[in-house]
Amino acid sequence: MSLWVDKYRPTSLGKLDYHKEQANQLKNMVQCGDFPHLLVYGPSGAGKKTRIMCLLRELYGAGVEKLRIEHQTITAPSKKKIEINTIASNYHLEVNPSDAGNSDRVIIQELIKTVAQSQQIQSSTQREFKVVLLTEVDRLTKDAQHALRRTMEKYMSTCRLILCCNSTSKVIGPIRSRCLAVRVPLPSSEEVCSVLSTVCRKEGLLLPAELAKRISEKSGRNLRKALLMCEACRVQQYPFSADQVIPETDWEVYLRETANAIVSQQSPQRLLEVRGRLYELLTHCIPPEVIMKGLVTELLGNCDGQLKAEVTHMAAHYEHRLQLGSKAIYHLEAFTARFMAMYKKFMEDGLDAMMF
Amino acid sequence: MDEYDEMFLTEDDYDQQFADELEVLAEMDFDPVAATKQSGFRKQKNTSFQGNNTAGDQHLRSQSQAAPAGSLGQTEGVSDMCDREDLEQLMANDPITPKAKRPRQDVAKKLFEVSQNDDITPPSSPEEFHPPPGTRPKLVPAVLDISGFEGILESPERVTTATQCHALKRPPPVGGYVSVTDHRGNRVYLRETDDLRGKAVDPSALRSSHDALGLLVVPIEVLREQVAERLHRQVVEESQRLTEQLNSLVDAEFGELEDGPGDEEEEGMSSRLWVDQFSPCQYTELLSDDFTNRCLLKWLKLWDQVVFGRERKPRPLSANRTQGNFNQANPKFKTKSQITEEILEADLDQYKRPKYKVALLSGPPGLGKTTLAHIIARHAGYNVVEINASDDRSAELFQKRIDTATQMKSVLGANEKPNCLIIDEIDGAPAAAINILLATLNRKDGQGVDSGADSGAEPLKKKKKKKESVLLRPIICICNDLYVPALRPLRQQAFLLNFPQTQPARLSQRLAEISRAQGMKVDTGTLMALCEKTDNDIRSCINTLQFLHSRGKRQLDILSEIFQLPRIKRKRVGEGLEEGLKEGGGAQRLQHILHLASSSGEYDKLTQGLYDNFLLMRVKDPSLGGVCDALDWLGFSDRLNQTMLQGQNFSLMRYMPFLPVAFHFLFAHMHVPRINYPSSQYEALTKTAASRNSLAAMLSDVPACIRTRISEISLSLDILSLLLDIICPKLRPVNPQLFSSREKQQLSDLIDTMISYNLSYRQDRTPEGQYVYVLEPRVEAVVCFPGLPPRRQLTYQAKQTISREMELERLRRAETLLLLRNPRRVHTHRHVLTSHDHHGLLYYTECPHYHFMNKIHVAAEVDFFGRVVIQRDVPSRYLLQVAMGTAVGNSEVWFRFNEGVSNAVRRNVYIRELL
């Protein structure tokens, strides 16, 4: 628990550093008693999980923080055994059903049903429902999501679901309509800076404001990343200086280099090199959507106004196909090739215009 | 300093380290089994030769003397039973054409006596009789001669000269006789004797007479012949077997010198894989790393005591002492080899088994793990029982097989060796099977011992005991990926041996030997390149060589030629173009390619091949339009595939073959394309699986409070890369004792972080023989990208310090956890101090381990050396103080550990000494 991220994580709704209004609303919701199913979504590093844990603490008290890891084995109707790890307290159960891959439907059906069917023993002192926390809901298969629909309604009396995901676009409509959607946006740059300086003060360190600013920019306002970066800075050099090098994640550097390679030359040989790099990124467990997004962001920096719109359009087109297909590399490479073609044409046109 | 010491030590301990190996080498020089076999064989040959001689002699003799009823069995019996010395004497004295009859007759008499004292029994074992085929025709008539009367008729004069025969042509001059007439009307006379010998012979004589009367359907001659025939066949077979065995032994010995298979074997050899043909059969031929080999061998030798009942050879004392000194002087830092060494030197447990009952070999495929296990097990004198992925590995069957292998023993075979179980490819086994293996390992004989103690007669319990016996045989497990989730529990209980890469020099040398033996001309550079390309995968190298050999390619001068695998379907695209051009029409080309693609059927493979190769083609368009189209086609086929598989909508299958057609029209070119085998997707898949496995390994042991905050994605995207930076702080290269408080805080934070994120340093040995600390689980590989500047690493010393401190911290935590779980100890301490006046009697009953007594109860106390300990009188104020709890340190309360064998343990310890 000695990483700053873990050490200074707020544990109750009152102690949250930003989006305080939302925190208040959540608090009110707990207090007025009729707690709905929740769909918490927002970008990574915005503090969804922190907020959910605070909410649970508000619901059940400190007992919810006594967590244990359970290894469960579930037998599918096809006699296939599926093993999954769950994190549970006495009051709630956290599952990541997409760990089970294609069998997530079975997890949803069996695990949640067994939890939901059992009543809380002392309903006088406790809430009369348990909470099941499902993470990475946007990675659930459609089958599993449909299995979830009925379960949500049927066991409403004994069980509430909190769904946690990055984007609601992959969650089917029926589920969205059954939940209260709570969006947790990224903290603003100032909020990140204030959190960083608070943490550094608690650590007894002095953080220059410029550095905090730079870190918050570099991290893309991802608070988790910002804190880790800050700590890595501390490890690298202390006392801080305003213009010190901020360590980055390797994959981002690699992706930037890839984008540069694409811009600098457009040929089949270069495409082949880029393919190798894309494979490399994929094998390092970087999700293809993230690669696509990062690539587009990097590439757009090198484009002119007219081209920007076209590139974004193409990116959206291929990202959609990426979601429909299963072999990410084809679609990533297709986007790269299309960009190369477009960029090359644009440059040649520009040259022609210059000539005449 | 450390390394120097270590090196020094290594040299010092050379004998000790290599003791086992030397032992094995010595054994190999004089392998008892082989030796006995050889000598046995030699002996046998001798005997059989002598037997032949004697048989020949016997034949002569029996003819000359007309020994009345010597069956073949008897002859053999004679040759079997007769005194070797006599025979030798006989042979020495007697040339084959005898001059002096006397001695031979004597010997014959002797022989006869011997044979008559014995029953007419077949030879004890067929091996003893060993006639070369040449002598065969001689023997059969002899048998006939002896048994029937024809022989006698044919050689009447010999019968007359006989002194001691029973069937006579003429009535004997003295004594009574019986006349017998055979079916041809020949009459012989049998002398009447009351001699025992005669009686012993009688039955056979009777039998022949019965036969003569035609009582048997098949005449006895024929029967005898059949028997003889069978015996002969057996003997021939046996001799063949022995010859083979001997040859194989000789081959094994001179395997290195062998000059390839002879021409007559060519046919048989061509069907064998070279991998099998040239697999090493001896310890010295192993290509794998010597250190690994030695470790495994040592581990296996640890079992000697329990399996063979041999005592371990005590190590030379001096070596032990130096080691001890070294350890004492420098107890904090242990190198990997020392740790391994210690594991191997560690005491055996109560059943005299080594501490780790399982060895787990891990490493990439094709390095010879299975071969190593087999060879070492064989050399250590075990009978190898292997279970691999080809066997059914369901839980019940697995249990059964383990039990059979570890608890039973073959009794039928001539060589009753104990079994050694080798479980190959264990990473593919289901978790249930591995749990069973673990249960087998941890099985305690507790119940059995108990039942034996209270009532051995109870049958039910006895049965249980039998079933639940402890594991007494070594088990070697082999896997490729050590971090498969199912193996996690096993990892902790196994003697882990990681297989390093084979050294390319050694491998290429072996490859050169093989190719020389097979008459291939290769140069070393090519072989080195081959080794490099295959990541030193021995199997793949040899297979490639064989493949090239069988293709008839004799020169391997260019590396690219080695790896130009047979062209896949893409080639057809090129051909299709040519044909199309000949035919001249686009429609025909389309039809042709469509036909080709749909007849091949493997669209997946085809698509991959196209994808991997299309960028290597000579693309016509400079604007990349064609490439974009091609990739759009690929994307389309991917979606098609996905829809097809998800919706089980296989009617869409008919659109699959259009992809190759599109590629054909986009990229086909006149010249012959060069095709690479499509492997990129598979490689990517395996790499992804490996990184996911290491992430999962890291996540699996992270405590719950942190586990809930991190997921695989956040780990790989945000956390891990920065975390690796964070755990590399700048530590001053001094002893941690000298750290400032701030630095100490930093170190403890670091250790805390590493423990809570389940990271640790493990010492590893590079192929060059250096020791490095690597992060475990191997998440560094997940984060680092090629081409980027390598991240800052801590120095070896810093890592060592961290690793040590971390172990200490782990121990501390485990202790506190134990105390929390079992608070009695702390509790008692506190209680005794506060309630001194209760004389501790209450606690005596509560916790038997601690014997609390007041000073009042103490008689004259004797310390370890037998001296009376002078007790100081406790002034009452002390008691008061203690009762008030103000001066705990001054109290006279002591406790005593009530278990243990010596007084050194059971002496009284004052509380103040503990505080």
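Predicted model: local features only at pLDDT ≥ 70, side-chain atom pairs only at ≥ 80, totals over all residues.
**View 1. The fold of chain A.** Helices, of at least four residues, and strands, of at least two, are DSSP runs that are numbered from the N terminus. When contacts in chain A between residues at least 6 apart in sequence are considered, 71% of them join residues that are at least 24 apart.

**View 2. The contact between chain A and chain B.** Chain A brings 71 residues to this contact and chain B brings 68 residues. The size of an interface is often given as the accessible area lost when the parts come together. Between chain A and chain B the buried area is about 6200 Å², and carbon and sulfur atoms give 59% of that area.

**View 3. Salt bridges and polar contacts between the chains.** Chain A and chain B are joined by 3 salt bridges, one of which pairs the side chains of A:Arg224 and B:Asp718, with 2.8 Å from N to O. Polar contact between the two chains is made by 23 residue pairs, counting pairs in which both residues have pLDDT 80 or more.

**View 4. The side of chain A that touches chain B.** Helix H14 of chain A, which covers residues 328-355, contributes 10 residues to this side, the largest share. Sorted by class, the residues on the side of chain A that touches chain B are 33 nonpolar, 14 polar and 24 charged.

Definitions and conventions
Residues numbered from 1 in each chain as written. Chains lettered and ligands numbered in written order. Heavy atoms only, no water. Contact = heavy atoms within 4.5 Å. Buried area = accessible area lost by both parts, 1.4 Å probe. Salt bridge = Lys/Arg side-chain N within 4 Å of Asp/Glu carboxyl O. Polar contact = N/O pair within 3.5 Å; in protein donor to acceptor, adjacent residues only side chain to side chain. Nonpolar A, V, L, I, M, F, W, Y, C, P; charged D, E, K, R; others polar.
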